[in-house]
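Here are my notes on the model, as numbered points. Please read them with the structure open.

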Amino acid sequence: MKRIQCCVRLLLVATVTLLLTGCWSSKEIEDLGLIVGTSLDLETGDVSSEEQQDARYANRQLLTITNQFVTSETTVSGTKEGALPEKAYKNVSETGDAVLPTLRNMLLKVDKRSFAEHSKVIIIGEELASTINLQQTLDFFLRELEIRPSGLLFIAQDQASQALETNEPTKIPAFQLVEMMEGHERTTKILPPMTVAKLEGKLYSDSSFLLQNVSTENGEVKFAGAAIIEGKTKKLRGFLNESDLEGIAWMSGDAKGGLVKGFDEESGAPIVYEIISAKSKIIPHVKGDQISFTIKIQSEGRIAEHWVLSDKAFDNQFLKKAEKVFEKEIERLVRKALDKTQHEFQTDVSGFGNKLRIDYPKVWQKRKKEWDQTFSEVPITCEVKVSIKDYGTSGD
Amino acid sequence: MNSSMKDKITTSQAVVIIINYILATGILTLPRASVEKVKTPDVWISVFLGGVVAMIAGVIIVKLSQQYPDKTFYQYNQDIIGKWLGWFISACVIAYFFTISAFEVRIMAEVTSLFLLEGTPTWAIILPFLWVGLYLISGGINTIARLFEIIFPITFVIFLLVAFLSLGIFEIDNLRPVLGLGVVPMLKGIKTATLAFLGPEIMLLLVAFMYPSDKSKAVKVVLAGIAIPLLFYVITVVMVIGALSIEGVLTRTWPTIELMRSFEIPGLIFERFESFLLVIWIMQIFATFTITYYAATLGLAQLFKKNMHPFLYGLLPIIYIIAMTPKNINDLFTFGDKIGHAALILFGVVPITLLLISKLKGKKA
Amino acid sequence: MWEKVISYMPHWQVFLQGFLAFFIPYLIYKLFHVFLFVNKSNGKIEMKENSEQVEMVHIPIQKTLEQFTGDFNKDLLQMRKELGHNWDIHFREFQIGNTDNRAAIVFLKGLCDKELIDKHILKSLMNGHTEKSSVLRGHELQQSIRNEILPVSELLEESKVMKAVGKVLTGSTVLIVDGIQNVFIIGTAHGKTRNLEEPVSEAMVRGPRVGFTEKLSVNTSLLRQHGENRNLSIIEMEVGERTKKELVLAYIDEIVQPNLVKEVKERIETIHLDDVAESGYIEQLIEDDYLSPFSQVQSTERPDRVIAALLEGRVAILLDGTPFALIVPVTFNMLLQSPEDYYERWLSSSLIRLLRYFAAGISLFGPSLYIAFVSFHQGLIPTKLALSMMATRQGVPFPALIEALIMEVAIEILREAGLRLPKPIGPTMGIVGGLVIGEAAVQAGIVSPIMVIVVALTAISSFAIPQYNAGITLRMLRFVAMFSAALFGLYGIILFFLFLCSHLVKLKSFGVSYLSPTIPYRAGDWKDFMVRMPLKMMKHRPRLLKPKDSVRKGE
């Protein structure tokens, strides 16, 4: 009997110690400050703190990181009815020369435990992107467990921290950006979302790519074209405007929905074409040392609006004519975008290299290193085929 | 409970044991390990061929075991190559089994503390795991087989579900071209891929536990047992590379979890699916851990012709200490590779030699 | 080389932890081992004591176990000595017919059918007899009473005094006639029974509205009433050392596995108890593993459930004095089935059955998942949900575990109290309690609204399980799951699940794996598992019971 008692006692002690030391990793949800968005800028102003001074001596560039926090207090005040509208978020900025130490310094300012699993966007300022290698800047975000690879990446014109501000206090700007990104389905002027996971592959394969550009005007965030990141240097090379983006979307087959505006040749009145489906094929040709590409674009859609009074959509002739108009317009867009990327920026951002890799892997192995250079010189032809399926409820 | 073999398992249970044994660490690390070697998108072919190699090895092992249908490897190898050499090989196999179970435990602890329990000490993660395993194993092979039968369908369904959900970020271009740079790089990956199929060796013991009428089906068992993990692995590799691209996979420590974290599907109750993957993965590790632990205990019991219980408890601290030995994650991966190499010798070379010897002996007699 | 090896030597703490890894389970093992061992030896001793007792008791019994003498006075005296001191025992002396044959009846007031005694026994014996009987003596009189005089169906002869005494005490009437060696025992037992009512613990929308009662003969008759079945065997056994009680085993001869019947009989025979108050005693004494939280015997009040079980090849145990019949063996999956599943059409009943499995899942893991997500894995829940959880938990002073415990315990108290409350105020109190706990606790900021939802959902879920005791088991295990979730989050839940499964795969109920037909895989039995296939497809009985005759007749 005594032995049993002894055993029981020992067991009890063991359990109690286990329970007492337990709950190592637990942290209650209301004690967290959810980081929903992060922006990175190059610090240009004066520096004050000692640590920052150290960095200045070492000739290091400084980063300003702004985290957008949503905490239990802000969510409550954001949703409470009747009360004075307060901000549903809280932006905290800190400056330093590497990402994590700077983030940790935020502990000095924030009462909540910061928690980045719900981080949705990372916005990089224009200046930072064009001075520091993106791979270095983002290293922490690729390594850190809490940052989910499903987060989206943006480039901001001017100050990135501005993109995390809004005039409407009940809204959370980071979420707004994510929701705006869903418009990609309905227009060709927004890039397909670039997640951290996709970015990683791009960074390590040394290929150039586009990032969605965000500009702020009067406290309102707006998507404005795209930023070109050059594969070799991994720095910002330049910007494409919205109509360039349309051309890129047509080329790479990313156009999921959107409009094309053409003008009737006779009357000069606008006709608007809405995309139902769009496909594009980039076909590489290799003859000896000569590389060339053909882009074949096929699209189906409907006439969404037309101002041409003389013609009726019931008339097949008119549809034919309209198709021609749109084909021309699309080709013009593509040409313009190609011209910009091939000659102005000399970077391949719409996947020509990738197609070459798939169809001519051996050629690609040879040309991989100098691809952007090669790309700027290859001839590209473009074939567009548009077919109009219907014209809505009015045949007029 | 003792080392006698009163417990019997059915054919389907044998298949499930092999499947659950094979599916383990590979789900999470195979994409990276094989891409490192191959460096082209043809990894899935390597994985497929790796599975075929494992099948061949499995068939040899089964053929060997079928020569002595009522004995386990530990018992019959002494009949073939004499007492001392047989004893030595048994000891090696036992050491292999408990080392691999220690390895699985440690990998589990690493991943868990990384993705689920940041800050919880490793011992606190490992100990309860060991104890639950102990509780299960004390019921014998039949109990183990039954538990495996529960976790296998769960794994199967959830795995297919998450794989299907990740289709959203799948890009076929990442998997092309097929054999663009010839077959050579693809061949380089076969060895790595084969290491992910460690598991058919359990047939050295399982054949003895099968119902006498089913023993002739053992070859089919091993083939089916490898075919399903093969399917799992190919799906995993294809999905991971398709979503993250070759370059993206290379730098990821745990590419498959990365894949699950790379997409969110709003609108469902769950937006995020890596928890599902981790749940089935931990169950699979548990399965691998218990079966190898059992195999080692059974070996010791049969080697010393004793009851299993003392070995069952005695092995626990050994497994724990081995699991804690690798100093960091790189050490751990090297450790895993070494176990794999040991397996290639122990279960690639040894069985075929034994099979030849026993055939020769049989002819003489 | 050596230095490299040294560098891989683990820290001494690792060795300590390794030792703990071995020591703690070993300790638990030893503990149970010692515990079980003590128990077993106790059992043996008990049995020995029992047998001695039996012998000791045997001697006095043999003394009093005297035969009736046939001498009326002596016999009557004997009966009076045994029973006369009881207030409710009546002795009625009279003379048979017109003769001077003295006779007496002994009966127990209240347990006998008085009308039967007055109208048929006394009247027949006292009146309307020819002189013929006056001549008769001894054996002939006995024959005459048996064959001509007494118009009752249940008539036995008994020679032993003690046996007769026992019969009187259970409601039979003993007739002592001068000059006849044996006494007559007339079945007049007419115990107080209640009407057949709908079973309270297992209500159903569709199906017979009949439940078992406390009277064994009524219960067996309910089984017989179900339909003619020559193969339905009802075997009598007796339990209880001091208070003997009747117990019957019911099974269908052609179907049941003989070993199962044998095993059940053997286990029942090992019961040595003063009194078996309810079938729960039997349940606990014949189950396979008394350390398991799961009930390994099914109890039911419904005759249709018993009949269905018998037709699957199971064995039912009915005890006198309780409306709860036991059915063995049972599997976990049977506890989640209801007879209604077979009465409704297959699609709807399959859906309902799936719903029950889902409810069982929620009731087991609901709060623990909440704890794991709220205090460990906030990253795994959708962002918007995380935001609303954050907002609702704002200001709650307790960690999720304590919060969940407060609510769970409150709900359990409410449930328990609801059972005890008098019927008229029960619902009122339930509503008041629910309101106070739900609404006011949230208002007071002690718990978060989401927690209330989780707790209410799990509580409701656990009552969706047709078997009350299975629901309790799940509720009990829920607390274990909550603690493991509080320690290790999702990992703890997985470990708990694995542990639970490890236990369940080890558990057997009368030789049948508790988790059948989930495992081992038997595709044939899956027709009646999580879904119920159309009746036309279920041509075979469940194979897990290894029935003798596996095909359901019909077609």
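1. A:Gly37 is buried, having 30 other C-beta atoms within 10 Å. A residue is called buried if 20 or more other C-beta atoms lie within 10 Å of its own, exposed if 12 or fewer, and partly exposed in between, with C-beta atoms placed from the backbone. This glycine belongs to strand 1 (residues 32–42) of chain A. Helices (H or I, at least four residues) and strands (E, at least two) are DSSP runs, numbered from the N terminus.

2. This is a predicted model, in which local features need pLDDT of at least 70 and side-chain atom pairs count only at pLDDT 80 or more, while totals for chains, interfaces and linings use all residues. Residues are numbered from 1 along each chain as its sequence is written, and chains are lettered from A and ligands numbered from 1 in the order in which they are written.

3. What does A:Gly37 touch, leaving aside residues up to four places away in sequence? The list is A:Gln68, A:Ser119, A:Lys120, A:Val121, A:Ile123, A:Leu164, A:Pro173 and A:Ala174. Two residues are in contact if their C-beta atoms, placed from the backbone, lie within 7 Å. Between A:Gly37 and A:Asn67 there are 6.0 Å, C-alpha to C-alpha, although the two are 30 residues apart in sequence.

4. For chain A as a whole, there are 13 helices and 13 strands. Of its 396 residues, 46% count as buried. Among contacts in chain A with a separation of 6 or more, 72% are between residues 24 or more positions apart.

5. Chain A is assigned domain 1 (30–240) and domain 2 (245–390); such bounds come from an automatic or database domain assignment. The C-alpha centres of the two domains of chain A lie 33 Å apart. Domain 1 of chain A brings 21 residues to the contact and domain 2 of chain A brings 16 residues. On the domain 1 side, strand 7 (209–217), strand 8 (220–229) and strand 9 (236–240) of chain A each give two or more residues. That side divides into seven nonpolar, eight polar and six charged residues. Here Ala, Val, Leu, Ile, Met, Phe, Trp, Tyr, Cys and Pro count as nonpolar, Asp, Glu, Lys and Arg as charged, and the others, Gly among them, as polar.

6. Chain C has an open sheet of five strands in the order 1-2-4-5-3, with antiparallel pairing; two strands pair if DSSP finds at least two bridges between them. Why is one side of strand 1 (89–95) and of strand 3 (155–158) of chain C left without a neighbour in the sheet? These strands stand at the edges, and each has a single partner strand. Strand 4 (residues 173–177) and strand 5 (residues 183–186) of chain C pair over three bridges, and C:Leu175 stands opposite C:Phe184.

7. Strand 10 (residues 325–328) of chain C is joined by three bridges to strand 8 (residues 298–300) of chain C, antiparallel. Three bridges also join strand 10 to strand 9 (residues 315–319) of chain C, again antiparallel. C:Ala325 and C:Ile327 point one way from strand 10 of chain C, C:Leu326 and C:Val328 the other way, and all are buried.

8. Where chain C meets chain B, the contact takes 32 residues from chain C and 38 residues from chain B. Helix 19 of chain C gives the most to the chain C side, with 12 residues. The chain C side divides into 24 nonpolar, seven polar and one charged.
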